[in-house]
Amino acid sequence: MTTYALITGASSGLGLALAEALARRGRNLILVARQRDALESIACELTQRFGVEALYRVCDLAEPMQISGLIQELEQGERQVDLLVNNAGIGSAGLFVEQDWSREQELIELNILALSRLCHDLGYHMVKQGRGQILNVASVAAFQPGPLMSNYFASKAYVLHFSEGLRNELAPHGVKVSVLCPGPIATPFFRHSQIRSSGLERRQLLANPEEVALLAVHGLERNRAIIIPGWRNRLVPLLIRLMPRALSRRLAMRMIKPTLPR
Ligand SMILES: NC(=O)c1ccc[n+]([C@@H]2O[C@H](COP(=O)([O-])OP(=O)(O)OC[C@H]3O[C@@H](n4cnc5c(N)ncnc54)[C@H](OP(=O)(O)O)[C@@H]3O)[C@@H](O)[C@H]2O)c1
């Protein structure tokens, strides 16, 4: 049976860079996102450049029924997913109570529920096979509360803790679980989430998605539990652990404030 790496949010940014890094290593791919045209041209390009089989599936992962359809199709077909990359995610910023609830709900559906559901259903098959690998994309935001981005930071804390728990749970069954915690990356994420990134750009704090993807794949190959690309980002969890929580909340809010739309 042919095996595939399934990547969510593969139509842009980090997901696209991860798809390319895995195709470069000869992995067959199933690319998942909502934008059909983008997925189609990415799948076509990766097939041509790397000679891998790159399939795509259009799926709104914030819609549980659409996830059911995707999983059903995978279960009925001859395609075995031996690497799941849960990358799709959205952000939101501003006073939580003033945000559109439908956006906040979508964030929870996508960043938390869809990720957990895919780990559950595809993880089940991996355990039955006695092998498989999962990479969940969190963020350095996972290590602390983020006032004015409370929902997003909390969703990433969930991803970090959930992935670490799952790692030890599934290791005896031959399934490896890693979590990626990048700092800010130059992707359309900020535009999609209506967050201003000009300050980060000015201070050259935005990483290149291709470099982050490469480090993520290295980390996966070494079966790292938590992959934090870049030395500056690796300091974040250490500093936060040493700092009083009240101070870390204040600093996070001070950093987030200038990114809010005026
Ligand atoms: N950029 C950063 O600074 C940064 C830092 C740390 C962590 N991260 C995390 O990295 C991951 C990738 O983000 P990115 O920076 O690459 O942002 P991005 O360019 O906005 O990519 C997000 C991807 O998720 C997909 N997506 C969004 N909503 C979806 C839905 N309802 N159903 C299916 N797919 C959906 C988008 O595709 P469609 O629009 O085609 O659906 C797109 O492919 C996210 O989990 C993000 O939280 C980003």
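D60 touches R34 and Q66, leaving aside residues up to four places away in sequence; contact here means heavy atoms within 4.5 Å. D60 sits in the loop between β3 (54–58) and α3 (64–76). Helices (H or I, at least four residues) and strands (E, at least two) are DSSP runs, numbered from the N terminus.

A few words on the ground rules. The model is predicted, so local features need pLDDT of at least 70 and side-chain atom pairs count only at pLDDT 80 or more, while totals for chains, interfaces and linings use all residues. Residues are numbered from 1 along each chain as its sequence is written, and side-chain values use heavy atoms, with hydrogens and water left out.

Now for the helices. Two packed helices are described by the angle between their axes and the distance between the axes. Axes are lines fitted to C-alpha atoms, for helices over the stretch in contact, and angles run from 0 to 180 degrees between N-to-C directions. Helix α1 (residues 13–24) and helix α8 (residues 209–221) have axes that come within 8 Å and cross at roughly 55 degrees. That makes α1 oblique to α8; angles under 35 degrees count as roughly parallel, over 145 as roughly antiparallel, 65 to 115 as roughly perpendicular and the rest as oblique. The crossing of α1 and α8 is right-handed, a label used if the near helix is turned clockwise from the far one by less than a right angle, with anticlockwise giving left-handed. On the α1 side, G13, L14, A17, L18, A21 and L22 take part, and they meet P209, E210, V212, A213, A216 and V217 in α8. Sorted by class, the residues of this contact come out as ten nonpolar, one polar and one charged. For the sorting, Ala, Val, Leu, Ile, Met, Phe, Trp, Tyr, Cys and Pro count as nonpolar, Asp, Glu, Lys and Arg as charged, and the others, Gly among them, as polar.

Helix α1 also meets helix α2 (residues 36–50), where the axes come within 10 Å and cross at roughly 25 degrees. The two helices, α1 and α2, are therefore roughly parallel to each other, and their crossing is right-handed. Here L16, A19, E20, A23 and R24 in α1 meet I42, L46, R49 and F50 in α2. The contact of α1 with α2 has six nonpolar, no polar and three charged residues.

Next come helix α4 (residues 101–129) and α5, whose axes come within 10 Å and cross at roughly 10 degrees. That makes α4 roughly parallel to α5. The α4 residues in this contact include E104, L107, I108 and N111, and those of α5 include N151, Y152, S155 and K156. By class, the contact of α4 with α5 divides into twelve nonpolar, four polar and two charged residues.

What about the aromatic rings? A search of the whole structure turns up five aromatic pairs. Rings of Phe, Tyr and Trp (its six-membered ring) pair if their centres lie within 6.5 Å; planes under 30 degrees apart count as stacked, over 60 as edge-to-face and the rest as tilted. F96 and W101 make an edge-to-face pair, at 6.4 Å centre to centre and 90 degrees between the planes. F96 is partly exposed, with a relative accessible area of 41%, and W101 is partly exposed too, at 49%. Buried means under 20% relative accessible area, exposed over 50%, and partly exposed in between (1.4 Å probe, protein chains only). F189 and F190 are also edge-to-face, at 5.6 Å centre to centre and 90 degrees between the planes. At 10% relative accessibility, F190 counts as buried. Both F189 and F190 belong to one aromatic cluster with Y152 and F153.

L148 has a phi near 80 degrees, a positive value in a residue other than glycine. It is found in the loop between β5 (132–137) and α5 (150–170), and L148 is buried, with a relative accessible area of 14%. For N223, phi is near 50 degrees, again positive in a residue other than glycine. N223 lies in the loop between α8 and β7 (226–227) and counts as partly exposed at 26% relative accessibility. P237 lies in helix α9 (residues 231–242) and is buried, with a relative accessible area of 10%. Not counting residues up to four places away in sequence, P237 touches F143 and I228.
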